[in-house]
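Subject: The structure we talked about

Dear colleague,

Please find below the structure I promised to pass on, together with its sequence. Once you have had a look, read on for what turned up in it.

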Amino acid sequence: MARAVTLIRSQTLSDVAEYAYAATAPPEARLIFLAGACPLAADGTVTPVGDYAGQAARAVDNLRTALGEAGADLQDLISTRVLVASSRQEDLVAAWEVYRDAMGAHDVPSTLMGVTVLGYTDQLVEIEAIAAVRD
């Protein structure tokens, strides 16, 4: 199956960034706008408490589930935003590394942001995403 997402690589911008600088989808693609994937267990609790990498892994798992239910997978993502409740760069990097490993070669345009607080008690990570698929 041909994917809808085309990643755009810059020949003039820095190659230090671990993501494509842009992405496109054709007019006939169906866009999927996902709510922020949170590190919630089935019972609604945030897990694992206090663990940036662990919460990133749980959020990625939940993102995979939401994508699957919409008829997509991680390879269909066109843009993401990784939110980390911390002002410490090392905490952001811990979450980012888990996210990046999950994405593999599909390094979609992404933003990594430190934020003051997230919506659930003990929540440290959230991943927002948009996907594009051909039906």
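Arg30 is partly exposed, with a relative accessible area of 31%, a value that comes, like everything else in this email, from a predicted model. Its place in the chain is strand β3 (residues 30-37), and Arg30 forms a salt bridge with Asp135, in which the closest N and O atoms lie 2.7 Å apart. This pair ties together distant parts of the chain, since Asp135 sits in the segment after β6 (125-133), 105 residues apart from Arg30. Asp135 itself counts as exposed because its relative accessible area is 77%, and the cut-off for that word is over 50%.

As background, side chains of opposite charge can pair when their charged atoms come close.

Asp76 forms a salt bridge with Arg3, and their closest N and O atoms are 2.8 Å apart. Here too distant parts of the chain are linked, with Asp76 in the loop between α1 (52-69) and β4 (77-85) and Arg3 in the segment before β1 (6-8), 73 residues apart. Asp76, at 5% relative accessibility, counts as buried, whereas Arg3, at 34%, counts as partly exposed. These two residues also belong to a network of salt bridges that links Arg3, Asp73 and Asp76.

Arg88 forms a salt bridge with Asp91, where the closest N and O atoms are 2.9 Å apart. Is each partner buried or exposed, or something in between? Arg88 counts as partly exposed at 44% relative accessibility, while Asp91 is buried, with a relative accessible area of 8%.

Within α2, the residues Asp91, Leu92, Ala95, Trp96, Tyr99, Arg100 and Met103 are buried. They lie on the same side of α2, because they cover an arc of only 160 degrees around the axis. What covers these buried residues includes α1, β4, β5 (110-115) and β6. After α2 comes Gly104, whose phi is positive, near 60 degrees.

Finally, here is the chain as a whole. It contains two helices and six strands, and read along the sequence they follow the pattern β-β-β-α-β-α-β-β. The radius of gyration of the chain is 15 Å, close to the 14 Å that the globule rule gives for 135 residues, so the chain is as compact as a globular protein of that length. Its C-alpha atoms fill a box of roughly 40 × 35 × 20 Å, taken along the principal axes.

Of the 135 residues, 40% count as buried, and the chain exposes about 7,300 Å², of which carbon and sulfur atoms supply 52%. Among the contacts in the chain with a separation of 6 or more, 73% come from residues 24 or more positions apart.

Methods:
Residues numbered from 1 in each chain as written. Predicted model: local features only at pLDDT ≥ 70, side-chain atom pairs only at ≥ 80, totals over all residues. Heavy atoms only, no water. Salt bridge = Lys/Arg side-chain N within 4 Å of Asp/Glu carboxyl O. Helix = DSSP H or I, 4+ residues; strand = E, 2+ residues; numbered from the N terminus. Buried < 20%, exposed > 50% of the residue type's maximum accessible area, 1.4 Å probe, protein only. Arc of directions from axis to C-beta. Contact = heavy atoms within 4.5 Å. Rg over C-alpha atoms; globule rule 2.2 N^0.38 Å. Areas by Shrake-Rupley, 256 points an atom, 1.4 Å probe, with all protein chains shown as cover.
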